[in-house]
Amino acid sequence: MAGGQDNNVTEGEEIALELSDEGNMQAINLEKRTLIGRIIADKVLNKNAVKEIVSKAWNLQEELKIVDMGPNIYLFTISAVSSVKKILEGGPWFIMGHLLSLQNWVPEASVFEINYDFVKFWVQLHGMPLEFMNIKNARKIAEKIGAVQSIEDPFVEGQLLRPFFRVKVEVNVKKPLLTGFCVPRKDLPKTLIFVKYERLQDFCYNSGVMGHDFRKCKEEKAMAVHIPNGPRYGPGLAVPQAKTMAMIVADNVNRARRLQGEGGAGKATDVEHTENAKGQGSSAPTIGTESDLQRVARACQNKEILVTNARGGK
C-alpha cells in the first residue's frame, strides 16, 4: 500500500505486548500499593462525592490517589504498603450506603474482568446450643455462607465469654444473604441458628441481595422459615461490629483486677490492647505481674486460642 502501512488487520488478532524493565518495577509497586474496587449499586454514584467520602473514611496520613476507571469502579493507590493491608482488614466499606467491593490489584488484569462478587464480612452465629458450640461446628455452618477466613472462639480457658461465634467469611454479593440454619436434636425439636452480618447496610428486604433497591424490586418478598407469614429479610439481619475476643479478654482481666481491689506499690497497670483502623485486627495485650492472672494472660496472648484460621480447627 503506497504512502502508508498495510492496515489489513483481522478483527480480534493477537498483539503481544512487552514490559520494559521500568514497566516491571511499576507493576510490582502497583500490585503492593494498589486496590481496585467497585461500588455495588444499581445506579452510578457521583465521582467527586465518592472520592471525598473514601478519603475521609480512610483518613490516611500518606498520599492517596483515586482514579475513576469506569462506572462505579475506582483504582486506589496508597504510598504505604502497611495501610493497604489495614484498609482491606478494616472492611467492609460502604459509600453512601452502598457496598464497596475492594481487593488487591490483580496483575495483568483488566478492570472489567476482575471478579467483584465476593466481599469479606464478619458474621455472628446466634442460638447455638452450648453442647454444639465448638470450632468444628462453627466452621461447618460458616462454610455454607462462604469461604471461611477466620473464626473467633468465644471460649477462653474453658470459660464462655460471649454467647455467639464470630466468623469472617467471603460472601457472594450476587446471591441472597443466608439468614439461618435448622439444627436437628436428639430429644428436642429442631432449633434455628441465626446469622447476623456486621456492618451490613445496603440489601433488598424482598430478595436479600446486596446493592439492590428493595423499593424498586419486583420480586416476591421472601418468607422466613421459622416464623409463619413472617418476612425473611429485615433490619435485624444487620448488627454493629462486635468487640474482638482480645478486647473482651482484656476487659475481663481488668474487671477482675478492679473487683479484687488491687492497690499499693505493686499494683499492675490495666491490660492494654490495640486495634487497627476498623477493629478487625489485634495485637497481644500487655499483662501485669500478678501470678493469679497469668493463666488468663497466656490465653489472651495466644492468638490460636482466640482466633482460628480457615485451615485450623479444634
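Is Y205 buried, exposed or partly exposed, and what is its relative accessible area? Y205 is partly exposed, with a relative accessible area of 24%; the class limits are under 20% relative accessible area for buried, over 50% for exposed and the range in between for partly exposed, with a 1.4 Å probe and protein chains only.

1. Basis of the values. The model is predicted, so local features need pLDDT of at least 70 and side-chain atom pairs count only at pLDDT 80 or more, while totals for chains, interfaces and linings use all residues. Residues are numbered from 1 along each chain as its sequence is written, and side-chain values use heavy atoms, with hydrogens and water left out.

2. Aromatic pairs. Rings of Phe, Tyr and Trp (for Trp, the six-membered ring) pair if their centres lie within 6.5 Å; planes under 30 degrees apart count as stacked, over 60 as edge-to-face and the rest as tilted. Over the whole structure, the search returns five aromatic pairs. In one of them, Y74 and F76, the ring centres are 6.4 Å apart and the planes meet at 35°, so the pair is tilted. Y74 and F76 are both buried. The pair of F203 and Y205 is also classed as tilted, because its planes are at 45°, with the centres 5.2 Å apart. F203 is buried at 5% relative accessibility, whereas Y205 is partly exposed.

3. Aromatic cluster and charges over rings. Y74 and F76 belong to one aromatic cluster together with W58 and W93. A charge sits over a ring if NZ of Lys or CZ of Arg is within 6 Å of the ring centre and within 35 degrees of the ring normal. R199 lies over the face of W93, at 5.8 Å from the ring centre. R166 is placed over the face of W122, at 4.0 Å from the ring centre.

4. Salt bridges around R166. A salt bridge is a side-chain nitrogen of Lys or Arg within 4 Å of a carboxyl oxygen of Asp or Glu. The count by this rule is eight salt bridges. R166 meets E198 in one of them, with an N to O distance of 2.8 Å. That pair links distant parts of the chain, E198 in strand β12 and R166 in strand β10, 32 residues apart. R166 also meets E152, at 3.4 Å from N to O. E152 lies in strand β7 (residues 147–152) and R166 in strand β10 (residues 165–172), so this pair ties together parts that are 14 residues apart in sequence. Strands are DSSP runs of E with at least two residues and helices are runs of H or I with at least four, both numbered from the N terminus. E152 and R166 are both buried, and E198 is buried too. A network of salt bridges links E152, R162, R166 and E198.

5. Salt bridge between D68 and K47. The side chains of D68 and K47 meet at 2.8 Å, N to O. D68 is in strand β2 (residues 64–70) and K47 in helix α2 (residues 47–58), 21 residues apart. D68 counts as partly exposed at 26% relative accessibility, and K47 counts as partly exposed at 45%.

6. With a disulfide taken as a pair of cysteine sulfur atoms within 2.5 Å, the count is zero disulfides. C204 is buried at 0% relative accessibility, and C182 is partly exposed at 45%. C182 and G180 are on the uncovered face of strand β11 (residues 180–183), while F181 and V183 are on the covered face. Two strands pair if DSSP finds at least two bridges between them; β11 runs antiparallel to strand β12 (residues 191–198), with four bridges joining the two. The bridge partner of C182 in β12 is L192.

7. Helix α5. Buried residues of α5 include M245, I248, V249, V253, N254 and R257. G261 follows α5 and has a positive phi, near 65°.

8. Residue S150. S150 is in strand β7 and is buried, with a relative accessible area of 11%. Its C-alpha atom is separated by 9.0 Å from that of R139, eleven residues apart along the chain.
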